[in-house]
Amino acid sequence: MAYTKHWSNNEKLNKTELAKLEKDGLKIYEDIPHYAKNGFTSIPKDQWDLFKWAGLYLQKPKEAGYFMMRVNVPSGILTKEQAKILAGIAKDYGRGIFDITTRQAIQFHWLTIEDIPDIFTRLESVGLSSAGACGDITRNIVGNPIAGIDPNELFNTRDIVKEVYEYFQFNEEFSNLPRKYKMSISTNLHNAANAEINCVSFTPAEKNIDGEVKQGFHLKVGGGLSAKPFLAETVDIFVEKEQVLQIAIAVTTIFRDYGYRDKRHRARLKFLIADWGVEKFKEKLEEYTGELPSKGVEPVKKWNAGYFYGVHDQKQSGLKFIGFNVPVGRLTADEVFELVRISDQYGQGEIRTCNSQNLIIPHIPEKHVESLLAEPIFNRITVNPNSFIGHSVSCTGIQFCNLALVETKERMRQIAEELDRRLTVDVPVRMHMIGCPNSCGQRQIADIGLQGVMVRNKNKEMEEAYEVYVGGTLESGGEFNKKLKGKVPANFLTDTLEHLLHFFNKEKMSGENFYTFVQRNGTQSLQDQLNIVLENHKDGLSI
């Protein structure tokens with residue numbers, strides 16, 4: 001069904017919006033066969049951005065002609081066949097790199113335009129797609145990675161996520177949104193989908209309607225990170241299971257038709273919600289849906305940040321799901337093939353990805369758990385990781401990303417492993433590293449967030465450094481971490497973090513987590529410690 005682009009006469013449209021009026025992003029699919037046949041040089045530069053709608057970014061440097069690809073994995077659930085296809089793509093075309101993202105997607109690197117048609121064919125053969133994994137369109141839908149087997153879910157959301165995801169796939173009514181659009185749907189009672197940092201989230205809820213307690217959802221809107229982060233707010237409505245698609249369409253329509261299109265940095269849904277407020281948003285929503293019941297109660301428990309390490313009971317009697325650490329989310333293709341073999345031998349072949357960049361193998365009979373865990377691959381990909389590497393998250397960084405200012409992925413891994421050698425803390429400390437303000441690594445919700453910057457050193461040369469942020473959480477609605485003053489050079493970051501963590505370890509109460517410590521003491525105590533470190537080592541610092 002055609003719709004009216006009523007913003008098309010807006011004289012203040014930015015260049016991207018004008019280009020999208022000329023050509024819808026999904027039309028790039030029609031051009032890719034020609035480009036693949038004729039090579040990278042046949043692609044006009046003004047078409048490069050459209051590849052995002054196909055889940056493709058040109059990696060750094062763009063002129064080299066290599067692509068990064070994200071593949072959607074709704075709720076992070078992969079069948080045996082899907083996981084094998086993805087591993088094969090990584091092995092055949094991606095130099096063996098297989099990354100798990102903070103939105104449960106899979107990311108490849110080093111792809112060429114000649115590779116893309118075969119990759120699309122392989123993905124389609126197992127019901128996978130990269131459409132909308134990037135671009136101004138609905139992104140991968142984050143969900144509960146243990147949906148359907150989760151003892152701590154209100155109900156199974158797999159079919160709901162599938163319905164919503166498939167509706168928006170290749171749907172040109174919603175392929176020209178003002179900016180990227182991130183959705184989560186989960187009834188995990190520990191907020192495994194990080195609801196508050198999504199544009200729109202459906203979260204578990206119950207409501208007594210006419211004497212019957214119904215299970216459904218609450219709706220949160222307006223979350224998002226990047227340079228100006230917002231936490232999603234709850235709209236005063238109760239959404240029944242069968243209404244989710246209707247509500248998702250209505251919310252997306254409002255964003256499409258009323259979202260800002262003059263300045264790219266204000267084009268996210270979060271800015272519209274901040275200006276309108278949730279009451280006005282609800283009024284507009286009900287123009288599309290009719291009157292909706294007011295919200296009920298949300299039976300949430302403590303936030304788990306998407307971590308599921310160890311062996312756990314499934315809903316299904318006698319079966320276990322097992323959560324493993326993937327250091328900073330990076331696997332090799334051969335490791336994925338081995339994981340599929342193991343999952344198939346001991347269970348049903350499924351692999352599930354978490355937004356903590358880790359993975360789960362489900363459906364393991366209790367009698368097979370010990371044998372499974374004895375497999376050699378689980379020396380690196382472990383159920384019981386050391387604390388710092390087990391709670392470290394990283395974006396792609398300067399190795400591949402054109403937006404990144406600094407190295408992240410390998411640096412975060414090395415720092416975490418070194419900290420695990422140097423000290424022990426009795427509670428997890430979540431560290432997230434990002435290479436630019438876009439915050440794909442979600443540093444705002446970390447206990448310790450590390451954001452890369454470039455600074456001029458004493459020799460007047462540009463050098464990699466990091467800003468330090470402390471005290472983020474999504475517990476009880478969420479709070480973003482706060483910036484400490486000072487920039488730490490990359491070569492001194494490990495020592496700086498060690499000092500801050502020693503101070504935390506010494507001053508914390510028994511069992512006290514990092515967020516509670518910051519709340520109790522304020523950020524000034526950590527600022528004082530950072531000042532001491534930088535002052536004591538100023539002669540050795542290049543900045």
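Buried means under 20% relative accessible area, exposed means over 50%, and partly exposed lies in between, with a 1.4 Å probe and protein chains only. By that rule Phe 400 is buried, because its relative accessibility is 2%. This is a predicted model, in which local features need pLDDT of at least 70, side-chain atom pairs count only at pLDDT 80 or more, and totals for chains, interfaces and linings use all residues. Residues are numbered from 1 along each chain as its sequence is written, and side-chain values use heavy atoms, with hydrogens and water left out. Helices (H or I, at least four residues) and strands (E, at least two) are DSSP runs, numbered from the N terminus.

**Nonpolar cores**

- A nonpolar core is a set of buried Ala, Val, Leu, Ile, Met, Phe, Trp, Tyr and Cys residues joined through side-chain atoms within 4.5 Å.
- The largest nonpolar core has 56 residues, and Met 69, Phe 108 and Ile 113 touch the most other members.
- Helix H9 (residues 333-346) gives the most to this core, namely 6 residues.
- A second, separate core holds 39 residues, including Phe 168, Leu 245, Phe 281 and Leu 285.
- Contact means heavy atoms within 4.5 Å.
- With neighbours within four places in sequence left aside, the contacts of Met 69 include Gly 55, Leu 56, Ile 106, Phe 108, Ile 119 and Ser 130.

**Helices H6 and H7**

- Two packed helices are described by the angle between their axes and by the distance between the axes.
- Helix H6 (residues 244-258) packs against helix H7 (residues 269-276) at an angle of about 90 degrees, and their axes are 10 Å apart.
- H6 is therefore roughly perpendicular to H7.
- Axes are lines fitted to C-alpha atoms, for helices over the stretch in contact, and angles run from 0 to 180 degrees between N-to-C directions.
- Angles under 35 degrees count as roughly parallel, over 145 as roughly antiparallel, 65 to 115 as roughly perpendicular and the rest as oblique.
- From H6 come Val 251, Ile 254, Phe 255 and Tyr 258, which meet Leu 269, Leu 272 and Trp 276 of H7.
- The residues of this contact are 7 nonpolar, no polar and no charged.
- Here Ala, Val, Leu, Ile, Met, Phe, Trp, Tyr, Cys and Pro count as nonpolar, Asp, Glu, Lys and Arg as charged, and the others, Gly among them, as polar.

**Aromatic pairs**

- Rings of Phe, Tyr and Trp (its six-membered ring) pair if their centres lie within 6.5 Å; planes under 30 degrees apart count as stacked, over 60 as edge-to-face and the rest as tilted.
- This rule gives 25 aromatic pairs.
- Trp 110 and Phe 400 are an edge-to-face pair, because their ring centres are 5.6 Å apart and their planes stand at 85 degrees.
- Trp 110 sits in strand E5 (residues 106-111) and Phe 400 in the loop between strand E16 (392-394) and helix H12 (409-422), so the pair ties together parts 290 residues apart in sequence.
- Trp 110 is partly exposed, at 22% relative accessible area.
- Tyr 167 and Phe 168 are also edge-to-face, with centres 5.2 Å apart and planes at 85 degrees.
- Tyr 167 is partly exposed at 29%, whereas Phe 168 is buried at 6%.
- One aromatic cluster is formed by Tyr 35, Phe 40, Trp 48, Phe 51 and Phe 67.

**Backbone details**

- Lys 60 and Pro 61 are joined by a cis peptide bond, with omega about -10 degrees.
- Pro 61 lies in the loop between strand E1 (56-58) and strand E2 (67-71).
- Ser 226 is not a glycine, yet has a positive phi of about 65 degrees.
- Ser 226 is in the loop between strand E9 (212-221) and strand E10 (233-240), and is buried at 18% relative accessibility.
- His 363 is not a glycine either and has a positive phi of about 65 degrees.
- His 363 belongs to strand E15 (residues 359-365) and is buried at 10% relative accessibility.

**Single residues**

- Glu 233 is in strand E10 and is partly exposed, at 38% relative accessible area.
- Glu 287 is in helix H8 (residues 278-289) and is exposed, at 59% relative accessibility.
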